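Please read the points against the sequence and the structure.

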Amino acid sequence: MENKAIDLLVHHIGVLVTMRGKDEPRTGRDMDDVGVVEHGAVAIRDGKIFAVGQEEEVRAQIAGMAVKQELDVQGRLVTPGLIDPHTHLVHGGSREHELSLKLKGVPYLEILAQGGGILSTVRATRTASEEALYEKAKKSLDQMLLYGATTVEVKSGYGLRLEDELKQLRVAKRLDETHPVDVVSTFMGAHAVPEEYKGRSAEYVDLVIHEMLPEVKRQGLAEFCDVFCEHGVFSVEESRRILSAAKANGFGLKIHADEIEPMGGAQLAGELGCISAEHLLAATDEGLEAMRDAGVIAVCLPATSFNLRLTSHARARAMIDMGVPVALSTDYNPGSSPTESLQLVMTLGCLNLGMTPEEVLTAMTINAAHAIGRADTVGSLEVGKQADLVIYDAHNLAYLPYHFGVNHVDTVVKNGKVVVAGGRLTAD
């Protein structure tokens with residue numbers, strides 16, 4: 001049998017966070033169990049983890065094998081690659097002009113009713129070329145990678161007509177094929193009712209169900225379907241119709257639920273067996289219990305509630321205590337959360353959601369991986385999984401959310417290759 005060489009040995013790790021131990025999403029106290037190994041090392045071969053653990057154990061496992069490249073991290077902190085399970089990456093334009101409205105206290109749904117918000121971005125996205133959308137999204141994806149994200153979910157939803165939804169999804173697919181970051185695509189034609197269907201939401205729902213969903217599936221452009229279940233957007237019944245049709249077409253299900261008002265979106269997520277429900281600021285205990293019982297992952301978005309200047313946030317602490325698996329995400333989008341930094345979200349997760357640093361990292365690694373159906377390949381550092389690692393200019397986990405407003409990432413290894421070194425991109 002051929003004794004193949006180790007491609008990369010990452011060693012002299014001060015604190016190695018592995019997230020090893022369980023196949024299902026972490027809940028309750030298990031979210032604090034991050035699998036810390038002191039004086040660790042990771043051996044990588046063919047883009048996958050060959051050995052991981054204490055350095056002397058790893059070196060014993062690879063004894064006699066050639067090592068092509070070694071990376072001495074000088075006692076720093078190493079974690080699995082971060083996973084951003086909820087973004088709206090592909091879009092035209094920006095919405096900084098809405099900042100003054102927010103400062104004056106104009107509610108989000110009122111901005112939307114005035115033709116702003118999502119509808120403003122829809123107009124910009126429809127007029128943008130596919131190449132322009134790609135270049136804009138690539139720039140943001142580069143930033144996400146620099147901040148430690150190695151897998152990112154990307155939603156459509158700024159086209160709201162078939163040709164423009166497909167345009168967004170083609171850009172996401174191209175990014176997945178050309179960028180080091182893995183991109184997981186979600187169709188979200190039900191992000192808002194477009195202006196040309198104002199007052200005719202039932203007709204638009206029919207368009208989504210009978211034209212958009214089948215064509216997106218036929219072209220293989222998305223794995224999941226999402227819907228914005230909210231007052232003034234899509235009702236619970238409309239959301240049920242769309243998601244039921246998506247399930248019949250073979251899509252995994254996601255839902256923007258109970259962000260602003262307690263609509264019953266969390267209960268619907270449990271009823272339909274969605275893989276995740278997102279936002280959840282207004283979710284009731286009954287809704288969260290339905291999610292828990294159905295194994296739905298709660299994706300909390302603290303940068304959004306922070307940016308909207310809300311005085312209340314998603315009840316992540318209660319969710320964890322109830323046994324609901326929690327993930328965290330940037331919700332990167334041009335309106336309510338224009339940030340690419342998962343490290344900012346770490347701090348907000350601690351300060352505004354009451355989570356521990358360990359719970360925050362769990363929510364950004366293995367639980368986030370489960371929220372996008374990728375836990376079998378990413379989200380933890382285990383033998384056979386994809387070799388996605390982040391090396392920080394820090395020596396313990398608590399330092400990341402504690403020292404906020406800066407980028408702690410020094411090096412990122414993606415699929416066994418160094419793609420960020422010294423805080424700079426090394427790959428095109």
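**Notes on the sites and the helix contacts**

1. Asparagine 333 sits in the loop that runs between strand S13 (326-328) and helix H13 (342-351). The model is a predicted one. In an unreviewed entry, UniProt gives the annotation "binding site" to Asn333, together with Tyr158 and Gly335. These residues are spread over 178 residues of sequence but cluster in space, with a largest C-alpha distance of 11.8 Å. Tyr158 and Asn333 are included in the lining of the largest cavity.

2. A further "binding site" annotation from the unreviewed UniProt entry covers His86, His88, His256 and Asp331. Although they span 246 residues in sequence, no two of their C-alpha atoms are more than 12.4 Å apart, so they gather at one spot. The lining of the largest cavity includes His86, His88, His256 and Asp331. Of the loops involved, the one between S6 and H2 holds histidine 88.

3. UniProt (unreviewed entry) also lists Arg95, Tyr158, His191, Glu259 and Ser336 under "binding site". From this set, Arg95, Tyr158, His191, Glu259 and Ser336 are taken in by the lining of the largest cavity. Arginine 95 is found in the loop between strand S6 (82-84) and helix H2 (99-103). Histidine 88, from the previous point, lies in the loop between S6 and H2.

4. How do the axes of H13 and helix H14 (residues 357-364) cross, and within what distance do they come? The axes cross at roughly 135° and come within 9 Å. An angle over 145 degrees would count as roughly antiparallel; H13 and H14 are therefore oblique to each other. Their crossing is right-handed. On the H13 side, the contact is made by Leu342, Val345, Met346, Gly349 and Cys350, and on the H14 side by Pro357, Val360, Leu361 and Met364. By class, the contact of H13 with H14 counts eight nonpolar residues, one polar residue and no charged residues.

5. Helix H5 (residues 130-146) and helix H6 (residues 162-178) have axes that come within 10 Å and cross at roughly 50°. That angle makes H5 oblique to H6. H5 passes H6 in a right-handed crossing. The residues of H5 that meet H6 are Glu130, Glu131, Leu133, Tyr134, Ala137, Lys138 and Leu141, and their partners in H6 are Lys167, Arg170, Val171, Arg174, Leu175 and Thr178. By class, the contact of H5 with H6 has six nonpolar, one polar and six charged residues.

6. For helix H9 (residues 265-272) and helix H10 (residues 285-294), the axes come within 7 Å and cross at roughly 20°. Angles under 35 degrees count as roughly parallel, and H9 and H10 are therefore roughly parallel to each other. H9 passes H10 in a left-handed crossing. From H9, the residues Ala266, Gln267, Ala269 and Gly270 meet Glu286, Gly287, Leu288, Ala290, Met291 and Ala294 in H10. The residues of the contact of H9 with H10 divide into six nonpolar, three polar and one charged.

7. Six charged residues take part in the contact of H5 with H6, one in that of H9 with H10, and none in that of H13 with H14.

Methods:
Residues are numbered from 1 along each chain as its sequence is written. This is a predicted model: local features need pLDDT of at least 70, side-chain atom pairs count only at pLDDT 80 or more; totals for chains, interfaces and linings use all residues. Side-chain values use heavy atoms; hydrogens and water are left out. Axes are lines fitted to C-alpha atoms, for helices over the stretch in contact, and angles run from 0 to 180 degrees between N-to-C directions. Helices (H or I, at least four residues) and strands (E, at least two) are DSSP runs, numbered from the N terminus. Angles under 35 degrees count as roughly parallel, over 145 as roughly antiparallel, 65 to 115 as roughly perpendicular and the rest as oblique. A crossing is left-handed if the near helix is turned anticlockwise from the far one by less than a right angle, and right-handed if clockwise. Contact means heavy atoms within 4.5 Å. Ala, Val, Leu, Ile, Met, Phe, Trp, Tyr, Cys and Pro count as nonpolar, Asp, Glu, Lys and Arg as charged, and the others, Gly among them, as polar. UniProt positions are given in the numbering used here, feature names are shortened, and annotations may be inferred rather than shown by experiment. On a 1 Å grid over the protein atoms alone, a cavity is a set of points where a 1.4 Å probe fits but cannot get out, and a pocket is an open set with protein on both sides within 12 Å along at least five of seven lines; lining residues have an atom within 4 Å of a point.
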